[in-house]
Amino acid sequence: MHRRQFLQQTVMGGAALAAASPSTAQTPLAREPERIASAALAIGDEVVERSVDDLQRAMTSGQVTARALTQAYLRRIDAVDRQGPSLNSVIEINPDALDIAEQLDIERKAGRVRGPLHGIPVLIKDNIDTADRMKTTAGSLALVEARPLLDAGIVTRLRAAGAVLLGKTNLSEWANFRSEHSTSGWSGRGGLTRNPYALDRNGCGSSTGSGAAVAASLCTVAVGTETDGSIICPSSRNGLVGIKPTVGLVSRSGIIPISATQDTAGPMARTVADAAALLQALAGPDDRDAATKGQTPAADYLAALTPDALQGRRIGVMRNFFGFDARVDGLMDEAIAAIAAAGATIVDKTNLPTRGQFGDAEYEVMLYEFKAGIEAYLATLGPGAPMKTLADLMAFNEAHAQQEMPYFGQDIFLKAQAKGPLTERAYVAARAKAARLSRTEGLDKVFARWKVDAVLAPSGGPAWLTDLVNGDYGTGGSSGPAAVSGYPSVTVPAGFVRGLPIGVSFVGPAWSEARLIGIAYAYEQQTQRRRPPQYLPSALV
């Protein structure tokens, strides 16, 4: 997420947030909200809210081709992202997208269909390497001239699965790990991404562009990355399903890093089924990422999509992540009632005993691992790459401060630069402390004591107003335990506060993705809380 686990999951009152929201009658943009929304929805409406399964059936029946789908999404990106509401979520279009789609159509006609993603247009975050004509920059102008020599491990898997790489999404620069005063969704290369539910609100976390793009149907599904909250938070704030996998389930090779202990890529989608289909393609071992070698054979995540998956399950409630907003608490109580109605046993007050105790250790680990990881990544770009070290990146930012640091500086970079090697006692101690408090004395203890299959908590509060002067501020969240432990979590839409989406998170033990997907799917089918965005200029008041 960034900024010391997003200001240590600061719990700013949601009521204060809503009160701070300007009336739609007072904002200049509000004069034509209906025109903006209708213009956005009219372009490419054949792909709006369409699922992977919908589009596969359409391609199988011959109603549409992968090339036609790709063209429709490109038109919609132009209408919604570049014009209309101007979400600014897509940082770059793949110039080869139409050619890729056409080749996949030829394969389909010849009787070869690679799987559920064959011909499906996918956007990926701009910190994921592609050895093609697209750039990989983490949103920084410092990497515009760099060229990856290899596809990221997950890009190799997406290509093999038949996905159409439509382009790359904007992000918080350096995945929100440059300054403690940053604004989520802003990068020097890409500018600011806006939340499609209320254009003056923030999309949250570093995968902001992926979240906004999927919510606005600019792609079928997208890939985000998370260190702490950057899949869960933007998924929640953009009304999406997001899966933060167990660290090691999905390869990180070729992904610009923050923390080898916590980093992972994962799916962001409008439905649990779509997220499961994408995870099926992403998951698997990779010789370039040692963390993936310990995984068992990938589960069949699509087989987990059964509406009765909650029957007989024991679901814990981490009440000590509630209380920051009564309206969010109300939605969580509705979620709990729906889960019980679907046949699960609710085990209340399965509180995390170590909540708030491992944030300092987590941040220390991130600082050490970022310096080591970023320099190892830069070395993979080859001898011709202009940036070699973290110091080089910092010097570039200073030399291009007007473009790179108009709103916030690089204080996190400075702190990371001051760290030594990963053999230092301070790093080793911090990593051990974070693991002990998040796992052994944290989630592991909760799962064992209460014998629950998963625990739930609010994913966060309503999206905050974007503020380029003061930067981000927290509105509640629960991503920390799963992020620091490396365990999986899934967020699912749970309702709205003033028209702003709220998600509920389900967290399970390591490698329990199939179980969590089943739980999330059964909950989703029971409640159907997601609604598409209307591109309002401001939140409902």
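Me: Which elements each supply at least two residues of the lining of the largest pocket?

Reply: First, the general idea. Rolling a probe the size of a water molecule over the atoms shows where empty space is left. On a 1 Å grid over the protein atoms alone, a pocket is an open set of points with protein on both sides within 12 Å along at least five of seven lines, and lining residues have an atom within 4 Å of a point. Helices (H or I, at least four residues) and strands (E, at least two) are DSSP runs, numbered from the N terminus. Here, strand S6 (221–226) and H13 each supply at least two lining residues. H13 gives the most, with five.

Me: Is this model predicted or experimental, and how are residues numbered?

Reply: This is a predicted model: local features need pLDDT of at least 70, side-chain atom pairs count only at pLDDT 80 or more, and totals for chains, interfaces and linings use all residues. Residues are numbered from 1 along each chain as its sequence is written, and side-chain values use heavy atoms, with hydrogens and water left out.

Me: How much space lies in the largest pocket?

Reply: A volume is the space filled by probe spheres set on the points, with grid points joined across faces, edges and corners. The largest pocket holds about 650 Å³. It has 36 lining residues, and Arg252, Ser253, Gly254, Ile255 and Pro257 are the closest to its centre.

Me: How do the residues of that lining divide by class?

Reply: Ala, Val, Leu, Ile, Met, Phe, Trp, Tyr, Cys and Pro count as nonpolar, Asp, Glu, Lys and Arg as charged, and the others, Gly among them, as polar. The lining has 17 nonpolar, eleven polar and eight charged residues.

Me: What about cavities?

Reply: A cavity is a set of points where a 1.4 Å probe fits but cannot get out. There are three of 30 Å³ or more.

Me: At what angle do H13 and H17 pack?

Reply: Axes are lines fitted to C-alpha atoms, for helices over the stretch in contact, and angles run from 0 to 180 degrees between N-to-C directions. H13 (residues 359–379) and H17 (residues 425–450) pack at about 135°, with axes 8 Å apart. That makes H13 oblique to H17, because angles under 35 degrees count as roughly parallel, over 145 as roughly antiparallel, 65 to 115 as roughly perpendicular and the rest as oblique.
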